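This briefing sets out computed structural features for the reader's reference.

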Amino acid sequence: MDFDLQWLLIGLPIAFAFGWIASRIDIGQWKRAQREAPKAYFQGLNLLLNEQHDKAIDAFIEAVQRDPDTADLHFALGNLFRRRGEFERAVRVHQHLLQRADLGAADRARAQHALAQDFVKAGLLDRAEEAYRELEGTDFDIESRLARLSLAERARDWRTAADVAAKLEASGTGSYATRIAHHWCELSLQAHDAGDETAATDALRRAREAAPHAPRPLIVAARMASRKGDAVVAFALYSELLQHAPALLPLVASDYATVAINSGQTDAARATVQRRLQEQPSVDLLHAMRLLDGALPAQTDVPDASERAQSLLHAQPTLSAALAVLDAPLDAHDEHALRDVREAVARAARPLQRYRCAACGFEAPQHFWQCPGCLGWDTFPAQRIEEL
Ligand SMILES: [Zn+2]
């Protein structure tokens with residue numbers, strides 16, 4: 001008897017305590033919450049897959065409210081906002097994530113990266129650059145440097161671009177040599193425009209060091225020498241350029257001809273331009289050849305301007321060559337030349353003699369009552385493109 005009473009005295013408070021605890025924890029409600037968070041999540045996912053982004057956002061917001069600790073839901077929501085062009089909300093979601101003390105290093109970098117992308121999309125390039133800079137040393141290191149390089153190039157901040165590209169090159173992610181050479185060329189031209197010739201020369205030297213055979217630093221250096229009246233140096237630089245990139249001659253042809261004449265290299269230049277004209281007919285080479293012809297002694301036997309223009313037109317029936325023939329003295333206008341001019345004009349006119357659908361832009365050599373592109377009726381005007 002004593003024994004039972006003792007147990008009753010001890011057991012009663014324990015039973016009360018359990019009852020109290022049980023009343024505080026509503027098992028059913030707890031289970032429901034656990035079930036509902038994933039339900040809203042899957043609902044959002046389903047809507048996403050059906051391209052119903054507005055409803056997906058609502059579902060995700062609901063899921064995030066129910067379960068504010070889930071980082072993945074925040075990422076999904078932030079990316080959705082960004083993709084829909086709601087950059088302010090995307091920024092807020094990602095900043096909110098970054099403020100959380102319990103976020104791991106990997107998720108923190110991921111949120112920082114997402115934030116940088118938000119800023120790029122929103123056109124806040126300064127803040128994007130800042131956000132990307134914070135990613136140095138994380139898993140997004142290379143990605144953030146590449147993004148910073150393209151941001152710097154977009155902002156025409158060539159100094160930063162050169163620095164970032166040099167670091168990328170040092171990290172072994174590929175060759176950035178010609179790109180760095182372009183950055184220094186831009187800096188050199190900027191310095192020249194500002195009247196700082198020392199800085200211009202220095203930047204150009206760095207461009208040539210970065211990529212010794214890249215064409216642009218050679219061209220910029222040759223033009224600089226030519227401007228200073230140093231024709232010998234300029235001709236040597238152009239000759240070096242043509243060794244590595246002969247196809248670029250049309251770009252520099254007239255300056256090349258001028259410095260050749262001024263440095264006593266007319267014959268060598270004529271041979272080079274003549275060879276190039278045969279391989280790569282071009283009106284720019286034709287003009288350079290005329291300059292070089294004009295520098296020869298008067299009695300020298302060279303083709304006249306009209307003959308040169310006609311042979312160019314024959315090799316390459318372009319409108320520019322036809323124009324050169326029409327611009328040359330007319331006495332030599334034989335039948336061949338006229339036939340070539342006609343051919344060049346006909347070739348150039350062909351794309352303009354088509355009909356174009358007013359609804360979809362579909363082009364065809366003949367008129368259609370029903371457009372084969374958009375299947376619209378009566379969408380082709382009665383006039384050809386050229387006459388519109
Ligand atoms: Zn159409």
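A search of the whole structure, which is a predicted model, finds 21 salt bridges. The chain has 19 helices and two strands, and 36% of its 388 residues are buried. The points below cover the salt bridges, the zinc site, selected residues in helices and the surface.

**Salt bridges**

- Arg-89 and Glu-86 are joined through their side chains by a salt bridge, with an N to O distance of 2.7 Å.
- Both partners fall in the intermediate class of accessibility: Arg-89 is partly exposed at a relative accessible area of 33%, and Glu-86 is partly exposed at 23%.
- Glu-209 pairs with Arg-205 in a salt bridge whose closest N and O atoms are 2.9 Å apart.
- Glu-209 and Arg-205 lie four residues apart in helix H11 (residues 197-210), so about one helical turn separates them.
- Within this pair, Glu-209 is exposed at 53% relative accessibility, whereas Arg-205 is partly exposed at 41%.
- Glu-240 forms a salt bridge with Arg-208, and the closest N and O atoms are 3.8 Å apart.
- This pair links distant parts of the chain, since Glu-240 belongs to helix H13 (residues 231-244) and Arg-208 to helix H11, 32 residues apart.
- Glu-240 is partly exposed, with a relative accessible area of 26%, and Arg-208 is also partly exposed, with 29%.
- A network of salt bridges links Glu-129, Arg-133, Glu-136 and Arg-148.

**Zinc site**

- The zinc ion has as its protein donors the SG atoms of Cys-357, Cys-360, Cys-371 and Cys-374, which lie 2.3 to 2.4 Å from the ion.
- The arrangement is tetrahedral because the four donor atoms subtend angles of 105 to 112° around the zinc ion.
- The sequence spacing of the donor residues is C-x2-C-x10-C-x2-C.

**Selected helix residues**

- Leu-249 is part of helix H14 (residues 249-262) and counts as buried because its relative accessibility is 0%, which is under 20%.
- Not counting residues up to four places away in sequence, Leu-249 touches Leu-242, Tyr-256, Thr-272, Val-273, Arg-276 and Leu-285.
- Asp-141 is found in helix H8 (residues 141-154) and counts as buried at 16% relative accessibility.
- With residues up to four places away in sequence left out, Asp-141 touches Leu-135 and Glu-136; Glu-136 also belongs to the salt-bridge network described above.

**Surface and overall contacts**

- Phe-42, Leu-45 and Leu-49 make a nonpolar surface patch of about 330 Å².
- Phe-42 is located in helix H2 (residues 27-49) and is exposed, with a relative accessible area of 52%.
- The chain exposes about 23,200 Å², of which carbon and sulfur atoms supply 54%.
- Among contacts between residues at least 6 apart in sequence, 45% join residues at least 24 apart.

Methods
Residues numbered from 1 in each chain as written. Predicted model: local features only at pLDDT ≥ 70, side-chain atom pairs only at ≥ 80, totals over all residues. Heavy atoms only, no water. Donors = N, O, S within 2.8 Å, 3.2 Å for Na, K, Ca; no water. Tetrahedral: all angles 85-135°; square planar, octahedral: opposite > 155°, others 65-115°. Buried < 20%, exposed > 50% of the residue type's maximum accessible area, 1.4 Å probe, protein only. Contact = heavy atoms within 4.5 Å. Patch = residues over 30% accessible without salt bridge, like charges linked within 9 Å, V, L, I, M, F, W, Y side chains within 5 Å. Areas by Shrake-Rupley, 256 points an atom, 1.4 Å probe, with all protein chains shown as cover. Salt bridge = Lys/Arg side-chain N within 4 Å of Asp/Glu carboxyl O.
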